[in-house]
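Thank you all for coming; I would like to walk you slowly through one structure today. Please have a look at it first, and then I will talk about what has been computed from it.

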Amino acid sequence: MEGLTGLAHLFVTMFLAGVGGVIAIPSITDVTMSALCPGQDECSLAIYLTGFQHAMIGVGSVVTTPLIGNLSDRYGRKVLITLPLTVSLIPQAILAYSRETKFFYAYYLVKTLAALAGEGSFHCLALAYVADKVPVGKRASAFGILAGVGSASFVGGTLAARFLSTALTFQVASVFSMMALVYMRIFLKESEPMRQPLLKEADEPCIQQCEDDMPQRTFKKLPSMGDVICLLKCSIADGGLMAILLYYLKARFQYNKNQFADLMMISGIGATLTQLFLMPILVPAVGEEKLLTTGLFVSCINILVYSISWSAWVPYALAGFSVLGVLVRPTITSIASKQVGPNEQGMVQGCLSGVTSVANIISPLIFSPLTALFLSENAPFNFPGFSLMCLGLILMTAFFLSLMIRAPPPIVGDKVSNNRCTETLV
């Protein structure tokens with residue numbers, strides 16, 4: 001807990017910003033449907049536009065997120081965190097003013113441009129901030145707690161959305177986003193990397209060799225290929241799930257804003273408890289690699305059962321069953337973070353976010369048309385959840401890939417082993 005005392009203001013900022021972003025999620029499906037296809041439960045145009053927006057956001061994030069992460073290594077985390085918190089305010093304010101069709105299109109355009117400008121980089125900067133403050137041995141638990149705070153904001157946002165009208169939802173979201181920005185600028189202190197030398201000072205020949213082979217060593221600033229491929233497949237599934245699940249439930253079981261909020265609240269409560277209390281216990285006991293494998297397996301089964309949901313209560317049961325799936329992101333982040341130095345955390349978190357962004361480009365382009373087809377009357381066969389089943393199969397491949405990920409070389413007493421320089425060059 002001593003290593004987490006300097007993160008309190010970051011946690012508060014994360015919670016406020018998370019609530020501001022999540023409050024709008026249960027309502028945005030109904031707002032989109034009302035603006036584009038009034039009075040209908042199935043709207044291909046809404047699915048296509050949402051998928052296109054996610055793809056464009058991914059295109060921008062591929063470029064901006066690694067760049068912002070790299071700049072934060074040079075100019076500080078706080079300065080760069082200001083950007084995503086600022087641009088996230090504008091689209092919420094538009095829908096807070098009006099949700100008529102012309103304002104919806106304005107929101108759609110500004111939301112896409114805001115994401116291109118780095119709206120989604122806040123999470124990777126927060127992870128880099130945690131890596132600056134927390135020693136390597138405690139980093140996995142700290143990442144889990146940060147994710148738990150995000151899940152707690154998810155619960156708070158969905159709980160508020162459950163009892164707010166659609167008009168008030170976006171107004172309250174704007175207020176929380178503004179509070180997050182103001183709080184961060186006033187209270188959050190600029191971080192300093194944990195100065196943990198990658199090499200022993202006495203190992204002069206090794207240091208000289210590493211300096212002579214700097215182009216090779218540069219590649220260690222990036223996550224390993226196994227981490228990248230596993231994260232890409234996992235992110236494709238996650239990106240596709242977020243793009244299609246709400247529309248699938250709307251068409252299949254006529255879910256509305258309140259039911260979306262209930263479903264998200266169940267998932268959020270389970271994720272919060274798992275990340276805040278269970279993960280700090282499990283990481284030292286079983287290790288990040290086994291938690292990653294377990295989380296992917298649970299997520300795979302969860303989505304496959306989603307695809308064959310036979311009643312409106314099934315998604316509620318699955319929401320409670322999916323709690324172990326939230327272990328995937330913090331464990332991948334921790335595994336990658338341990339493979340780079342203290343001054344490279346922004347770059348590696350930006351690269352991971354860039355991989356996620358690539359998945360966010362691919363998944364909507366594939367799964368939005370697929371979902372629209374199988375929810376329409378022109379489906380080649382009667383299987384509304386076919387696109388979800390495909391997502392589950394992608395997660396299954398990520399699960400098998402995770403079995404091949406091995407732990408990075410151990411760090412003892414803030415020093416690496418004598419062979420670390422050789423391993424780095426390899």
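I will speak about the cores, then some individual residues, then the aromatic rings and the cysteines.

Please keep in mind that this is a predicted model, in which local features need pLDDT of at least 70 and side-chain atom pairs count only at pLDDT 80 or more, while totals for chains, interfaces and linings use all residues. Residues are numbered from 1 along each chain as its sequence is written, and side-chain values use heavy atoms, with hydrogens and water left out.

Let me begin with the word buried, which means under 20% relative accessible area, whereas exposed means over 50% and partly exposed lies in between, using a 1.4 Å probe and protein chains only. A nonpolar core is then a set of buried Ala, Val, Leu, Ile, Met, Phe, Trp, Tyr and Cys residues joined through side-chain atoms within 4.5 Å. The largest such core here has 53 residues, and those with the most contacts inside it are Leu36, Phe170, Leu249, Leu292, Leu296 and Leu388. A second, separate core has 30 residues, including Leu7, Leu89, Leu146 and Leu181.

If we take contact to mean heavy atoms within 4.5 Å, and leave out residues up to four places away in sequence, phenylalanine 170 touches Ala24, Ser27, Ile28, Val31, Gln92, Leu95, Ala96 and Arg99.

Now to the helices, which are DSSP runs of H or I with at least four residues, numbered from the N terminus. Helix H16 (residues 328–337) is mostly covered, since nine of its ten residues are buried, among them Pro330, Ile332 and Ile335. Proline 84 lies in helix H4 (residues 77–87), and proline 84 counts as buried because its relative accessibility is 2%.

Two loop residues are worth a look. Serine 309 is in the loop between helix H14 (288–307) and helix H15 (314–321), and with a relative accessible area of 2% serine 309 is buried. Not counting residues up to four places away in sequence, serine 309 touches Tyr248, Arg252, Phe253, Val314, Pro315 and Leu318. Glutamine 254 is in the loop between helix H12 (225–253) and helix H13 (257–286), and glutamine 254 is partly exposed, at 44% relative accessible area. Its phi is near 55 degrees, a positive value in a residue other than glycine. Most residues other than glycine have a negative phi.

Let us turn to the rings. Rings of Phe, Tyr and Trp (its six-membered ring) pair if their centres lie within 6.5 Å, and planes under 30 degrees apart count as stacked, over 60 as edge-to-face and the rest as tilted. By this rule there are 14 aromatic pairs. Phenylalanine 374 and phenylalanine 381 form an edge-to-face pair, 5.0 Å centre to centre with 65 degrees between the planes.

Finally, the structure holds zero disulfides, a disulfide being a pair of cysteine sulfur atoms within 2.5 Å. Cysteine 300 is buried at 3% relative accessible area, and cysteine 390 is buried at 19%.
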